[in-house]
Amino acid sequence: MDKCSILNKNLPLLDEIKALKEVFWLNNNYHRFDDVAESLPLSHEDVLDAEERLKRFAPFIKRIFPETKDGIIESSISSVENMKIRMEKDFNKKIYGRLILKRDDSLPIAGSIKARGGIYEVLKHAETLAMDNGKLSINDDYSVLAEDKFKDFFSQYTIQVGSTGNLGLSIGIMSAKIGFNVKVHMSKDAKQWKKDLLRSKGVEVVEYSSDYSKAVEEGRKLSMDNPTSYFIDDENSKDLFLGYSVAGSRVKKQLNDMNIVIDENHPLFVYLPCGVGGGPGGVAYGLKLVFKDNVHCFFAEPTHSPAMLLGLMTGLHDKISVGDIGLDNKTEADGLAVGRPSSFVGFMMDKLLSGEFTIDDNRLYKFLVNLVGEEDIYLEPSALAGFLGPILISNEKGEEYLKKQNLLDKKDNITHMCWATGGSLVPEDIMEEYYRKGRYF
Ligand SMILES: *Cc1c(COP(=O)(O)O)cnc(C)c1O
């Protein structure tokens, strides 16, 4: 079916999305993992390969970013029971099971989930260049890459990327440290402090007065004209996706260490803020590989930018943008200000995602203030989008999902995990502004 006939069909949910209402969508196309896995363009082997690559790079990362300690870029998981109690009061709803928070806001180097995919792809590119030029072999100690002769070598090459901010930070900081020339194409949503921070690290920032899709398109074009330039393509990159997917096995180990059991009687529900889709999609795929049908993944998007939701529910993926239904793609959640989703991620998630919901910007701020008050955790607005998830699971639609999955009598055993996608690099004065603003809601 073409775009017009789909959009003219009587889809009640679409009307609500157009009216900027918060919606909760359950994916009717959700399948068992084992029935889907083989038909996907990526496999468990690909994720294991990415894991191995990151291990090879650990001695190098440890040398250039000692704050990573062992050279592995990973975040902790916090229990946020006070926040849970607060939410139960505010929404007058019981949240079944426990509430935990994955702290990608405090990932080293980039302070956001982008430290997973972005850094992985830069490292993989550096490895490929060094190996192709006979300067590195797979059994070497990769810490040699920090030496000046490698910096000189990498300075012949350029890396470019289009970003709303955080991907630019992650790729910019890592690329500059390795020695690459790096050019970040920033959409109009990108915050000034992110541009300033990048420039202070020697990164070239190109500013656009248009949105994210345009910044990506321009960056891609400019990169193609330059044979020594490599473009990191947030809309299509499998490497980015794999960098995110490595989170799956690490979360499994962390939950295990916390004595949190995940099995068919103790399901894991994960709520992931979504922009173009690579971050949440990669993480969800990684989680599916290790927990299969015992993990239930939901994406969260701003009411003004429900790009992935539109792509999935209409099946049109990147053939539709939020502008096509009259939305403005204007949101304070700069990391999620994306109007057109990745079709690659849409295809990967089509049968694996349990559902999606949208959230009003004002509510992001309210969650921001409450999380500070209850847990002393400071996140950027985008990173709070997942918090509506545990409440929605207690609503009628959520119960419908639980029933379908035969989980109604197991709901007290749910572990709800909100994915905090960014925050630790936000300058103090900006964070204070967020906080003041949130006090009004
Ligand atoms: C980029 C980003 C996301 C979403 O990742 P996508 O790959 O764009 O879907 C979520 N939260 C924050 C803070 C981000 O920077």
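1. The model is predicted: local features need pLDDT of at least 70, side-chain atom pairs count only at pLDDT 80 or more, and totals for chains, interfaces and linings use all residues. Residues are numbered from 1 along each chain as its sequence is written, and side-chain values use heavy atoms, with hydrogens and water left out.

2. The protein chain has two parts: domain 1 (3–110 + 245–438) and domain 2 (114–240). These bounds come from an automatic or database domain assignment. The C-alpha centres of domain 1 and domain 2 are 25 Å apart.

3. How many residues of domain 1 are in contact with domain 2? There are 42, and they touch 36 residues of domain 2. Contact means heavy atoms within 4.5 Å. About 3,500 Å² is buried between domain 1 and domain 2, with 65% of it on carbon and sulfur atoms. Buried area is the accessible area (1.4 Å probe) that two parts lose on being put together, summed over both.

4. Six salt bridges cross the interface of domain 1 and domain 2. The rule asks for a side-chain nitrogen of Lys or Arg within 4 Å of a carboxyl oxygen of Asp or Glu. Over the whole structure, the search finds 30 salt bridges. Arg 56 and Glu 127 form a salt bridge at 2.9 Å, N to O. This pair links distant parts of the chain: Arg 56 sits in helix α4 and Glu 127 in helix α6 (residues 114–132), 71 residues apart. Helices here are DSSP runs (H or I, at least four residues), numbered from the N terminus. Asp 104 also forms a salt bridge, with Arg 116; their closest N and O atoms are 2.7 Å apart.

5. Which elements give two or more residues to the side of domain 1 that touches domain 2? They are α4 (44–64), α12 (247–257), α15 (343–349) and α19 (428–438). The largest share, ten residues, comes from α4.

6. The rule for aromatic pairs gives 19. Rings of Phe, Tyr and Trp (its six-membered ring) pair if their centres lie within 6.5 Å; planes under 30 degrees apart count as stacked, over 60 as edge-to-face and the rest as tilted. Phe 57 and Phe 60 pair edge-to-face, at 6.2 Å centre to centre and 65° between the planes. Phe 57 and Phe 60 are about one helical turn apart because they are three residues apart in helix α4.
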